[in-house]
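Dear colleague,

I am passing on the structure we talked about, and below it you will find some notes on what turned up. Please keep it open beside you while you read.

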Amino acid sequence: MSTDQVGPWFRAFEDEGEFVGIRFGHVDPVSQEVEWFYRPHTTYDGIGGFVDLLQEEGLTIEKLPEITHPASASWRSFFRALPAMLAPRRVLGWKELGREQPGHHNGKAAPAVAWHVFSEEETRRIRRAARARGATVNSLLLKYLDRTVRPALKDPSSAVPWMVPVNLRGKIDQGDRLGNHSSYIAIRIYASDDVRAVHRQIYAQLKKGRHWAHWKGFAITRFTSERIKRYLIRTNRATSQWSVGGFSNLGIWDQEKKLAPVKRPGPWLFAPPVLRCQMIGAGCVTFQESLSLTLQIHPELTTSPAVAEKWMNDWVREIELDFPMLSQGTVETSRSSPV
């Protein structure tokens, strides 16, 4: 029996007009065209949605990624985090980014989306570069994503809030292994922070058990009415902080290339949903040793694919500029794509 306590919140977001489909894409290795797929966050988290797609390909995925951080699931972390959860939200303003597609986009996937796929060699170089900084690939990518979107804020010198999902499999059981097993941590990145500073902040939040604090928050509010959930969403109280965006890493899949895709050989793409309280959805996944990046932008911020494409190009360029060894390789794919 499913005990999903996250899905009801996404149903409330959906009732508020948000599109809560988790975006996945497959890149045709010949044409480089993308076929997009969506899995509802009301039913799946990112890992669950990806596994569901792979199983449709005829693949068998027996073991799913599990949390490795040792922080325990205690109520103490919730009560320690409660003052911050109840504090007023600070919402940062955006500059005007332009709109190419008029009309109302409630309940529809974001039209502003872009993606990039690194080669296997470039992927290995990124890992080595992160290790040389004493950080994870996650921290490296998030730092340069922050640097990329920061100029679009009205105050680029602000401390920028980000949401980072945390997979809790291995310590919780929701009944359905593909269902919502994800919590999150909330961090703030300063313009002066380097990759290692971002890494330290992420792990400081994990050490404090902030992901468990938010999970306990979901548990407490699980049985609140739909009306209350929608009110909290409208008043920006559904999450512990307003965030510029969310950055999610699905991890490394089929590193040894034992899976033989039945229908679709080639790279996969992934991005978490965008919400009014989280205008950017950026994701990465490493499939068969090739790292991909995908970002999408909420339609209320922009509907222009050109903005997403520029941000993606700038994101990749930031990585290449700071790590010259990456620029020795060639860009495999980098482009925007229609929904």
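Two strands are said to pair if DSSP finds at least two bridges between them. With that in mind, and remembering that this is a predicted model, we can begin with strand E1 (residues 21–27), which pairs with E7 in the antiparallel sense over four bridges.

Which way do the side chains of E7 point? In a regular strand the side chains alternate between the two faces of the sheet. In strand E7 (residues 268–271), Trp268 and Phe270 point one way while Leu269 and Ala271 point the other way, and all of them are buried.

Turning to the helices, two packed helices are described by the angle between their axes and the distance between the axes. Helix H1 (residues 7–15) and helix H8 (residues 226–234) pack at an angle of about 70°, with their axes 9 Å apart. Because angles of 65 to 115 degrees count as roughly perpendicular, H1 is described as roughly perpendicular to H8. The crossing of H1 and H8 is right-handed, and the residues that meet there include Pro8, Trp9 and Phe13 from H1, with Leu232 and Ile233 among those from H8.

Helix H9 (residues 305–322) has 18 residues and reaches 26 Å from its first C-alpha to its last, which is close to the 26 Å expected at 1.5 Å a residue. Several residues of H9 are buried, among them Val307, Ala308, Trp311, Trp315 and Ile319.

Finally, is Glu96 buried or exposed? Glu96 lies in the loop between helix H3 (75–86) and strand E3 (112–117), and it counts as exposed because its relative accessibility is 67%, where the cut-off for exposed is over 50%. Glu96 and His26 are 70 residues apart in sequence, and in space they are 31 Å apart, C-alpha to C-alpha.

Methods: Residues numbered from 1 in each chain as written. Predicted model: local features only at pLDDT ≥ 70, side-chain atom pairs only at ≥ 80, totals over all residues. Heavy atoms only, no water. Buried < 20%, exposed > 50% of the residue type's maximum accessible area, 1.4 Å probe, protein only. Helix = DSSP H or I, 4+ residues; strand = E, 2+ residues; numbered from the N terminus. Expected span 1.5 Å × (residues − 1). Axes fitted to C-alpha atoms, helices over the stretch in contact; angles between N-to-C directions. Parallel < 35°, antiparallel > 145°, perpendicular 65-115°, else oblique. Left-handed = near helix turned anticlockwise from the far one by under 90°. Contact = heavy atoms within 4.5 Å.
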